[in-house]
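The sequence and the structure are shown first, and the description follows.

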Amino acid sequence: MKKILFFLALHFTLFTIAQEKFTISGTISETETGETLIGVNVIIQELRTGTTTNEYGFYSITLPEGTYEFTFSSLGFASVKETIRLDQDILKDLSLSNDTEQLDEVVISADVERVNIKAPQMSVNALSAGTIKSIPVVLGEADVIKSLLLLPGVTNAGEAASGFNVRGGAADQNLILLDEATIFNSSHLFGFFSVFNPDAIKDIKLFKGGIPARYGGRVSSVLEIFQKEGNSKELKINGGIGAVSSRLLAEGPIVKDRGAFLVAGRASYAHLFLPLFDIDNSAYFYDLNTKINYRLNERNNVFLSGYFGRDLFSINDSFVNTYGNAVVNFRWNHIFSEKLFSNLSLIYSDYFYGLELDFVGFEWNSGIQNFNLKYDFKHYLTDKLQLNYGLNNIYYSFNPGKIEPNSSESGILEQQLIKKYANEFAAYVDIEHDLTENLSVEYGLRLSHFIRFGQDEINIYANDNPVEFDPLLLIYQGAEPLESIASSRSDQLASFTNFEPRISAAFSFDDDHSIKASYTRLSQYLHLLSNTSSPTPLDVWTPSGPFVEPQLLDQYAFGFFKNLRDGDFTLETEVYYKDIQNRIDYIDGADLIANNAIEQVILNGEARAYGLEFLLRKNTGKFQGWLAYTLSKSEQRTPPRNENEIGINSGAWYNTPYDKPHDISLYANYELNDKWNFNTNFVFQTGRPTNYPIGQFEFQDIIIPYYGLRNVERLPDYHRIDISATLKPRKNKDRDWYSEWVFSIYNLYNRRNAASINFRQNEDTGVNEAVRTSIFGIIPSVTYNFKF
């Protein structure tokens, strides 16, 4: 009996030793610059397993003891294969060499544009900085937001429109993060350009669905952008000179191989030439990106990044509009162990918007400030199981507006609209789990808690109802407050708690075919008050509170994904359905600007959107690009609150301002040789919903039009073709100077797309006529880019 027990114990011991596992981890960077690389594939072919580097270039994988061949690869870099004996925990840092000399350094993200067949994450699009720079755009200025519009499910209100719309959602329902800091306005010059300098960008991802639990606060999408960290090897400078703006970036080591800095600036200068044509108006922007990183030791890295941008638009100095974002972020990466990575972020964000009306005699300034503390952990438990968890707390201060006289002769009295304060806390856990070789899931839960704090003055209404319905006139109108009371900043006017489950799953039939499904629950506690089709600098953000409920989203998505011809082509198809509760709607005639009782003009309604997305990519060869098509519907309604009311739009569903049933985008890139590269894109979209008068009446000799149900009519369909050619002169081997010329034509066939259609009475004939307003016709441009 003792011998039997001895052999059993020996067998168990040997089995345990055989199954002993060890972890290999480290950071992967670029050889030439020291820049950490995102999304590098770490593959162990013998075990048919692997991992990828995170946002800071860190990877970790735990495997049974043994000798394996590791492959480290990323598109645009020479792959590295290395045989490693794994009999203890190993810290393995690695660098990959750029396999081609190009002016555009940021080719490192190109691999993330391809769909990962086996990963559960779906409804995600990525663009490399190289792709963004190659897409022809108006006035030749490479633009992140305009490039996103070529992806399925992404639109905007039209040319020179601010913001973007994802899967039938509003522009304020997108969470835009730059180095984890919230950007409230993503546009320069009212939508002509985006605030993101493509030279300073390292990685871009747009989450349209299946959003991981670490993100929250918006119900439509997450646009996550990371800035470059800087070159820790040598000083490098690059920039570009365009038709209306120029840019310059400098990066280099603080301490070689340990720390680096990056400074990038852009400015427009077209306004400098306006006086030559006796034009007193002015419009310009400038922005500055900065970043410092320093490696304290192999387990600790610190980063300090910032962004500052301003826009100014003036008409004869009598009307001046200034607005912009400013953010600062301090981050600390700490590696607790080979399996546990953490990031602590302290973030300050400020959005300012103001007006000076000299002909009226006052200045109006408003804005939002927030202070954000984030602590995120990534736990690599096994090669099949990863755990993400963390905390996030944001404190908000809202200034709806302060009106001040701008001269002693002004008859305007100083007035401060009531400031508002709020706090948003969230805790989350997210699990990435490969259940079998064919089935993988990502599931998690986010708990969000929002508090609306006290303010100097708050209105009290009968039955807590700030909006009344007039049964005789059949209209909604603001109710008269019973009284106004003051409350302490420490008081809680309202609080909301929401559980937000997330789950995504992928089943792969083989290495080239898979199906995916996801469910996403999201809460949004901030609302943009705007009754225009696209955001403007004068729109006001307001927090949820006693009369404004948080928006709640439920989104369902299902997709089929396929690699064709060994990955030369990829096919992505998805269907989705979105249901949103408590979507803000406005009563007819709502006045949103400088309104101290905004609750008197808004009602809580609902929205829904559903659609089909199709994306076919060509990933390799001299000819690359994609074809995207979206068939969708986006609607909202505000039903009556009781049997005595009729609701907004008679309680019926109506098209949202961003409903575009058909959206086709084609992008193509052809590399003729090492000197010439050609690009083109074609866009077609169904016309934007609008309202046309259905009749008119005369009152005191004035013709007044009247309108029917909301958004029944549409503007004409939108379409255009853009082309560009890039010339890269051959470099002298003895010089470090690289350069290129980009020649582009926007709207090649001079389509006069309608931004709006207005109606007026012809002064000569007295007949009513429609007047189309267009923004752009055909626009050629030339840009010169350089690097040394």
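Glu338 has a relative accessibility of 25% and therefore counts as partly exposed. The model in which this residue is seen is a predicted one. Glu338 is joined to Arg299 by a salt bridge whose closest N and O atoms are 3.9 Å apart. Because Glu338 belongs to the loop between β23 and β24 (340-357), and Arg299 to the loop between β21 (282-297) and β22 (300-315), the pair ties together parts that are 39 residues apart in sequence. Arg299, at 30% relative accessibility, is likewise classed as partly exposed.

**Salt bridges**

In total, the structure contains 38 salt bridges.

| Glu338 | Arg299 | 3.9 Å |

Lys374 and Asp376 are both buried. Glu414 has a relative accessible area of 53% and is exposed, while Lys402, at 27% relative accessibility, counts as partly exposed. Elsewhere, a network of salt bridges links Arg48, Lys118, Glu437 and Asp511.

**Aromatic rings**

The count of aromatic pairs comes to 37. In one of them, the ring centres of Phe313 and Phe319 are 6.2 Å apart and the planes stand at 70°, so this pair is edge-to-face. The relative accessibility of Phe313 is 25%, which makes this residue partly exposed; Phe319 also counts as partly exposed, at 21%.

Phe450 and Tyr525 form a stacked pair, with 4.8 Å from centre to centre and 0° between the planes. A cluster linked by ring pairs is made up of Tyr56, Phe58, Phe226, Phe303, Phe341 and Tyr380.

Aromatic rings also meet charged side chains. Lys516 is placed over the face of Phe561, 4.8 Å from the ring centre. In a second case, the charged end of Lys787 sits over the ring of Tyr738, at 4.7 Å from its centre.

Ile254, Val255, Ile292, Leu304, Val328, Phe330, Leu346 and Leu373 make a nonpolar surface patch of about 640 Å². Two or more residues of the patch come from each of the elements β19 (245-255) and β23 (319-337). Ile254 is located in strand β19 and, with 45% relative accessibility, counts as partly exposed.

**An open sheet of five strands**

Which strands form the open sheet, and in what order? The sheet has five strands, in the order β9-β16-β17-β12-β13, and its pairing is mixed. At the edges are β9 (124-126) and β13 (181-182), each of which pairs on one side only. Over three bridges, β9 pairs with strand β16 (residues 201-207) in the antiparallel sense. Asn125 stands opposite Leu206 in β16.

Note on methods. Residues are numbered from 1 along each chain as its sequence is written. This is a predicted model: local features need pLDDT of at least 70, side-chain atom pairs count only at pLDDT 80 or more; totals for chains, interfaces and linings use all residues. Side-chain values use heavy atoms; hydrogens and water are left out. Rings of Phe, Tyr and Trp (its six-membered ring) pair if their centres lie within 6.5 Å; planes under 30 degrees apart count as stacked, over 60 as edge-to-face and the rest as tilted. Buried means under 20% relative accessible area, exposed over 50%, partly exposed in between (1.4 Å probe, protein chains only). A charge sits over a ring if NZ of Lys or CZ of Arg is within 6 Å of the ring centre and within 35 degrees of the ring normal. Patches are made of residues with over 30% relative accessible area and no salt bridge: like charges are joined within 9 Å, nonpolar side chains (Val, Leu, Ile, Met, Phe, Trp, Tyr) within 5 Å. Accessible areas come from the Shrake-Rupley method with a 1.4 Å probe; for residues, only the protein chains shown count as cover. A salt bridge is a side-chain nitrogen of Lys or Arg within 4 Å of a carboxyl oxygen of Asp or Glu. Helices (H or I, at least four residues) and strands (E, at least two) are DSSP runs, numbered from the N terminus. Two strands pair if DSSP finds at least two bridges between them.
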